[in-house]
Amino acid sequence: MELQRLEAARAYAREQEDVLVALIKELCKIPAPSHQEGQRAAFIKNWFEKNGFSGVTIDAAQNVIAPVHCAPNREVVVFMAHTDTVFPDLEPMPMRQENGRLYCPGVGDDTANLAALMLAARYFNAQPQTADCGFLFVANSCEEGLGNLKGCRQLMQDYAGRVREVISFDGSLGSVCNKAVGSARYRVTVRTEGGHSFGAFGNRNAIHMLASMINTLYAVKPPAEGNSKTTYNVGSIEGGTSVNTIAQEASMLYEYRSDCRSCLDQMKAMFESVVAAYRNMGIAVEVTLLGERPCMGEVDPARQQALEARMTAALQSETGLTPSFHSSSTDCNIPFSCGIPALSTGIYRGSGAHTREEFIELASLPDGLRTMLAFLLSYLGA
Ligand SMILES: [Zn+2]
């Protein structure tokens, strides 16, 4: 029985090879920068409705939600893939197919995973529903950068207390994120009295003060606990008026990250103490929080391992690969921070995510779609 169901799913994956490529191309043509996913969301909702789903909704954050076997108060497992891309373009982006590769910005991250999830959802929805939980297939918004995980936050809030597990299809085949990297991102603006470079010489210079602050921040040795990793970065600076003006204002973009909650807390305390020290010198320092991604909460290790084993089994049965596990900053940060088991992985091989040279290897898609189907069917006892 079990093998029969898997064989049927494999046959479906074979049948759908061309359909999957066509759907990826169709989605790629619909621009979807973070916070502007509306057009892509409308297409996806319409697709689900035409493909046998009922009760499909678009929520306040532009998440498209297609429920399967859901009932009020029944627990749900969430399968998601994000609709947004890092590119601000509002025109369709250039696409080309060459030597077995499909090139287009956003094609792998996360369009290929999203298209596969839609086709796998259609197959899953047509199976007898035997699980003791419901399922949400979600095309979510705002995973990237300053989208700040808005879509996933909305979802976790709306389904609070009912989410059993979250699987985000994001990333490439065989690579699995099972640990959150938390982060905080700031704009820091320093203001001083400034003045004429000759006439007011001796007044404090905002550029000098900012540079000095950066120096202090870079003197910090990142905290370490176990095999955790903690990093920081000043990514951009600006300021000043002219060559003969003592700068009145200078600002920077600063971030820190860690896959360890207490290290992240230590970085925060360190940053705040540096800011306080400059304020104590009478410097005006304005700090704006641009984004914050939480770290791991108290996730039950046994439940997390069971989820990882489920994904490992699907990957091994369909590709013979063993997954490599790593920590990263993904939509899973939100469930992880709430103590919900989660993981993030993808269905394609490719390269160049977040660049305009991004591509996917078309030959990898059948392996990926089969793996996704085997994983989903495992929830139905297959
Ligand atoms: Zn992504």
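Biologist: In which hand does H1 pass H10, and at what angle do the two helices pack?
Modeller: In this predicted model, H1 passes H10 in a right-handed crossing. The helices concerned are H1, residues 2–15, and H10, residues 365–377, and their axes lie 9 Å apart. The hand of the crossing is therefore right-handed, and the packing angle is about 145°.

Biologist: Which residues of H10 make the contact with H1, and how does the contact divide by class?
Modeller: On the side of H1, the contact is made by Arg5, Leu6, Ala9, Arg10, Tyr12 and Ala13. The residues of this contact divide into eight nonpolar, no polar and three charged. From H10, the partners are Leu369, Arg370, Leu373, Ala374 and Leu377.

Biologist: Within what distance do the axes of H2 and H3 come, and which residues of H3 make the contact?
Modeller: Helix H2 covers residues 17–28 and helix H3 covers residues 38–50, and their axes, which cross at roughly 145°, come within 10 Å. H2 brings Leu23, Glu26, Leu27 and Cys28 to the contact, whose residues divide into six nonpolar, no polar and two charged. The residues that H3 contributes are Arg40, Phe43, Ile44 and Trp47.

Biologist: How is the protein divided by the domain assignment, and how far apart do the C-alpha centres of domain 1 and domain 2 lie?
Modeller: The domain assignment gives domain 1 as 2–180 + 296–380 and domain 2 as 182–293. Across the boundary, 16 residues of domain 1 are in contact with 10 residues of domain 2. The distance between the C-alpha centres of the two domains is 37 Å.

Biologist: Why does the largest pocket lie between domain 1 and domain 2, and which lining residues lie nearest its centre?
Modeller: Domain 1 and domain 2 both give residues to the lining of the largest pocket, so the pocket lies between them. Its volume is about 440 Å³, and the lining has five nonpolar, 13 polar and eight charged residues. Of the 26 residues that line the pocket, those nearest its centre are Asp109, Asp170, Ser328, Ser329 and His354.

Biologist: Which elements give two or more residues to the lining of the largest pocket?
Modeller: The lining of the largest pocket is made up of 26 residues. The elements that give two or more residues to this lining are strand S8 (175–180), strand S15 (324–328) and strand S17 (350–351).

Biologist: How many cavities of 30 Å³ or more are there, and which element gives the largest share of the lining of the largest cavity?
Modeller: The count comes to two cavities of 30 Å³ or more, and about 70 Å³ of space lies in the largest cavity. Its lining is formed by 14 residues, with Met311, Leu315, Thr345, Gly346 and Thr371 closest to the centre, and it divides into nine nonpolar, five polar and no charged residues. Helix H8 (301–319) and H10 each supply at least two residues of that lining, and the largest share, four residues, comes from H10.

Biologist: What lines the second largest cavity, and how many of its lining residues are nonpolar?
Modeller: About 40 Å³ of space lies in the second largest cavity, which is lined by Phe48, Leu114, Leu117, Met118, Phe137, Val138 and Ala139. Helix H4 (107–125) and strand S6 (134–140) are the elements that give two or more residues to this lining. By class, the lining of the second largest cavity has no polar and no charged residues, and the number of nonpolar residues is seven.

Note on methods: Residues are numbered from 1 along each chain as its sequence is written. This is a predicted model: local features need pLDDT of at least 70, side-chain atom pairs count only at pLDDT 80 or more; totals for chains, interfaces and linings use all residues. Side-chain values use heavy atoms; hydrogens and water are left out. Axes are lines fitted to C-alpha atoms, for helices over the stretch in contact, and angles run from 0 to 180 degrees between N-to-C directions. Contact means heavy atoms within 4.5 Å. Ala, Val, Leu, Ile, Met, Phe, Trp, Tyr, Cys and Pro count as nonpolar, Asp, Glu, Lys and Arg as charged, and the others, Gly among them, as polar. On a 1 Å grid over the protein atoms alone, a cavity is a set of points where a 1.4 Å probe fits but cannot get out, and a pocket is an open set with protein on both sides within 12 Å along at least five of seven lines; lining residues have an atom within 4 Å of a point. Grid points are joined across faces, edges and corners, and a volume is the space filled by probe spheres set on the points. Domain bounds come from an automatic or database domain assignment.
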